[in-house]
Amino acid sequence: MMENIGLFSGLQTPKKEIWAVGGGKGGTGKSFLAANLGIALTRMGKRVLLVDADLGCANLHTCLGVTPGTTLSDFIQGKIRNIESVLTQTEIPNLALISGAQDYLEIANPKHSQKMRLIRQIHELNFEYIILDLGAGTSFTNLDFFLSADTGILSVIPEPTSIENVYRFIKSAFYRRFKKIARDPEVKEMITLAMDEKNERGIRTPHDLIDQVAAMNEKAGQKLKEAVYTFAPKIVVNQVRSKDDMTLGFSMRSSCGKYFGIKVDYAGYIEYDDHVWQATKKKRPLLLEFPYSSAARCLERTVSNLMKKEELKLNSIVNQ
């Protein structure tokens, strides 16, 4: 679980969990994953809210076959003051949606005050699970939504561009987290410098950064070091076609530990399955349309791991 920090502290009730589904690249199945994770949780009797936080490119309502009346645009523009008025009840018992559909042009780049107001009000809503479906890329808005969650989930497909973008997302989220923790202006400046991969100080990894910060300010260095241990995003590999694809999560976990010093958990994989696009074409969630498909079984296993804070076991793949 990622420990909330700074502006995000003290926002949840003990029984509430907030998951954020990101990934850096478009087309990796973030909305598919968010929608079906939510449905799987309702099947376990949980009250779930899905939030389409892909500001500017919202389509979660389409995955669910919902036509919302009011959306996040109405809230961000101040047309509706209470975010509860933007909730849409879906056909699925215990599953509500906050849609980003019918967005206006400026919504993709909300002001900091608008973003923080939105995050605070979402966190205050009374649901057992709130799942944020994030947009592509490493914008500050995406990173802040990701860092506001208890559990950050990264959707990756077995393609070099997707893998590269997830590494970039992890690194960016980590530096963004560092920057929120740091108080010393000189430390903040060094973190900003480190975000440029070609920086002149030769800072290439979070550990390089911690070493340089510690040399300048021992207390700040120690604080950043502690932050490393409370940042543990979860990886879900989507569109898996082979055993090699299944083991991608283990490889990424090892690489993040070796090169970034960041612990990443491999929560599960979703098999490539024609039923997925068939359900999408019908604007129906996979778990409703094809509940006994191989992808649906993978989703249920992944949800179970996420709820129990467990990782996928290597022998579960080897023994297949």
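Begin with the largest pocket of this predicted model, whose lining comprises 13 nonpolar, 12 polar and seven charged residues. To find the pocket in the viewer, select Gly29, Lys30, Ser31, Phe32 and Thr280, which among its 32 lining residues lie nearest the centre. The space inside the largest pocket comes to about 500 Å³.

Next, colour the elements that surround this space. At least two lining residues come from each of H1, helix H2 (60-64), S5, S7, S8 and helix H12 (274-281). Which of the elements gives the most to the lining of the largest pocket? That is H1, with five residues.

Now select helix H5 (residues 140-148), which lies across S1, S2, S5 and S6 and runs at about 160° to S5.

Hide the helices for a moment and follow the sheet from one side to the other. It is an open sheet of eight strands with mixed pairing, and the order to trace is S3-S4-S2-S5-S1-S6-S7-S8. Where does the sheet end on either side? Its edge strands are strand S3 (87-89) and strand S8 (265-271), each of which pairs on one side only. From one strand to the next, the twist averages 25°.

Strands of a sheet pair through backbone hydrogen bonds, either parallel or antiparallel. Here S3 and strand S4 (residues 95-98) pair in the antiparallel sense, over three bridges. To locate one of these, select Thr88 together with Leu97, its bridge partner in S4.

For the last stop, bring the helices back and select helix H6 (residues 160-181) with helix H8 (residues 206-216). Two packed helices are described by the angle between their axes and the distance between the axes. For H6 and H8 the angle is about 25°, and the axes are 11 Å apart. Because angles under 35 degrees count as roughly parallel, H6 is roughly parallel to H8. Show the side chains where these helices meet: Phe174, Tyr175 and Phe178 belong to H6, and they meet Pro206, Leu209 and Ile210 of H8. The residues of this contact between H6 and H8 divide into six nonpolar, no polar and no charged.

Terms used: Residues numbered from 1 in each chain as written. Predicted model: local features only at pLDDT ≥ 70, side-chain atom pairs only at ≥ 80, totals over all residues. Heavy atoms only, no water. Pairing = 2+ DSSP bridges. Helix = DSSP H or I, 4+ residues; strand = E, 2+ residues; numbered from the N terminus. Axes fitted to C-alpha atoms, helices over the stretch in contact; angles between N-to-C directions. Contact = heavy atoms within 4.5 Å. Parallel < 35°, antiparallel > 145°, perpendicular 65-115°, else oblique. Nonpolar A, V, L, I, M, F, W, Y, C, P; charged D, E, K, R; others polar. 1 Å grid on protein atoms, 1.4 Å probe; cavity = no way out; pocket = protein on both sides within 12 Å on 5 of 7 lines; lining within 4 Å. Points joined across faces, edges and corners; volume = space filled by probe spheres on them.
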